[in-house]
Amino acid sequence: MKSVWSLRWLILFVIAAFWILPLAAVILYSFAPNTDIVLGRLLPSTLTLENYAAVLTQDVRGVSISGAIINSAIIMVIQVVGILLLDIPAAYAFARVRFPGQDLLFYTILISMMMPGILELISLYDLMANIGLVDTLAGVILPGLPRVIGIFLLRQFFRGLPKELEEAARIDGASDFQIFQRVMVPLAAPAITTLTIITALYSWNNFLWPLVITNSPGSMPVPVAIAYLNTDVRAVQGYTTVLAASFLTCLPMIILFLVAQRWIISGMRPTSGIK
């Protein structure tokens, strides 16, 4: 029996190592001189903060990482606020308000979630080009509003709330909007929190559409800026600078996930907002 448990722990350790070692290597070599990677050293010969100083204070290949972080922060905040403003009323309407063609409209919207995003790139780019939003932050932000996954998640949550709560508020004289604003939205706070976290993570890490719509270093968000640095054609690239930029830019999302992970799970339960 003891040998079986030891084997399980060994297997779990090996699987965990496959996940952790790449991240550990990124963090470790982000503090190393670039020559350590060029010479293929297994461990850094010395540790330095020069890579982080260069990332924060200098433009690398015309890209300012601090500027890219600001761009990503602007995109994330506007998309989170916009998606909440659009998805919450839409999800509530699909869940609690009856109108002709409700199910047909919902499933039509749901089908768009099943389609690969790459199929929409050409038509979206053509639309953004026609209204002059290519290579702008607005061009990155607008196609991400609203998000179907948010409508689907919140609709399922609203459908799980007891109808008696709505009827009790109506007996007390509440209007439809007051029931939505003062009863349903507060009860849906756990699901809204989950959607906020998921949207923030998606917006910060979204790569494909920003890569297509942005051209100049000044409008690039973090993922595109990192990829741009990684395409350096010089004989000796600044590997450690790229690693420092990568770890620095993913650090906010790591902290956000560690702080908010318990709300991501609790927000999926339909009764988590009811006491």
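Contact here means heavy atoms within 4.5 Å. Helices (H or I, at least four residues) and strands (E, at least two) are DSSP runs, numbered from the N terminus. This is a predicted model, in which local features need pLDDT of at least 70, side-chain atom pairs count only at pLDDT 80 or more, and totals for chains, interfaces and linings use all residues. Residues are numbered from 1 along each chain as its sequence is written, and side-chain values use heavy atoms, with hydrogens and water left out.

**Stop 1: helix 4 and helix 13**

Select helix 13 (residues 222–229) together with helix 4. Which residues of helix 4 meet helix 13? They are I65, A68, I69 and S72, and their partners in helix 13 are V222, P223, A225, I226 and L229. Ala, Val, Leu, Ile, Met, Phe, Trp, Tyr, Cys and Pro count as nonpolar, Asp, Glu, Lys and Arg as charged, and the others, Gly among them, as polar.

Now look along the two helices. Axes are lines fitted to C-alpha atoms, for helices over the stretch in contact, and angles run from 0 to 180 degrees between N-to-C directions. Helix 4 and helix 13 are therefore roughly antiparallel to each other. Angles under 35 degrees count as roughly parallel, over 145 as roughly antiparallel, 65 to 115 as roughly perpendicular and the rest as oblique.

**Stop 2: N71**

Stay on helix 4 and select N71, which is found there. Is N71 buried or exposed? N71 counts as buried, at 9% relative accessibility. Buried means under 20% relative accessible area, exposed over 50%, and partly exposed in between (1.4 Å probe, protein chains only). Not counting residues up to four places away in sequence, N71 touches L137, G218, S219, M220 and P221.

**Stop 3: helix 4 and helix 10**

The axes of helix 4 and helix 10 come within 12 Å and cross at roughly 95 degrees. That makes helix 4 roughly perpendicular to helix 10. On the helix 4 side, the contact is made by I88, P89, Y92 and R96, and on the helix 10 side by I179, F180, M184 and V185. These residues divide into seven nonpolar, no polar and one charged.

**Stop 4: helix 10 alone**

Hide the rest and keep residues 176–187. At 1.5 Å a residue, the 12 residues of helix 10 should span 16 Å, and the end C-alpha atoms are 15 Å apart, which agrees. The expected span of a helix is 1.5 Å times one less than its number of residues.

Which residues of helix 10 are buried? They are I179, F180, M184 and L187. Seen down the axis, these buried residues fall within an arc of 95 degrees, so they line one face of helix 10. The arc is that of the directions from the helix axis to the C-beta atoms. The face turned away from the buried side carries the exposed residues F177 and R182. Show the other helices again: what covers the buried residues of helix 10 includes helix 4 (65–96), helix 8 (148–160), helix 9 (163–171) and helix 11 (189–205).

**Stop 5: helix 3**

Select residues 50–57, which form helix 3. Its buried residues are N51, Y52, A54 and V55. They cover an arc of only 160 degrees around the axis, which puts them on the same side of helix 3. E50 and T57 are exposed on the other side.

**Stop 6**

Select M128 in helix 6. M128 is buried, with a relative accessible area of 4%. Leaving aside neighbours within four places in sequence, M128 is in contact with L133, V134, G139, P143, W209 and I213.

Next select D135, in the loop between helix 6 (121–130) and helix 7 (137–141). D135 is partly exposed, with a relative accessible area of 23%. Although D135 is not a glycine, it has a positive phi of about 65 degrees.

**Stop 7**

Select M114 in helix 5 (residues 102–114). M114 is exposed, with a relative accessible area of 60%. The C-alpha atoms of M114 and V148 are separated by 9.9 Å, and the two are 34 residues apart along the chain.

Last, select L39 in the loop between helix 2 (34–38) and helix 3. L39 counts as exposed at 57% relative accessibility. L39 and P89 are 50 residues apart in sequence and 57 Å apart in space, C-alpha to C-alpha.
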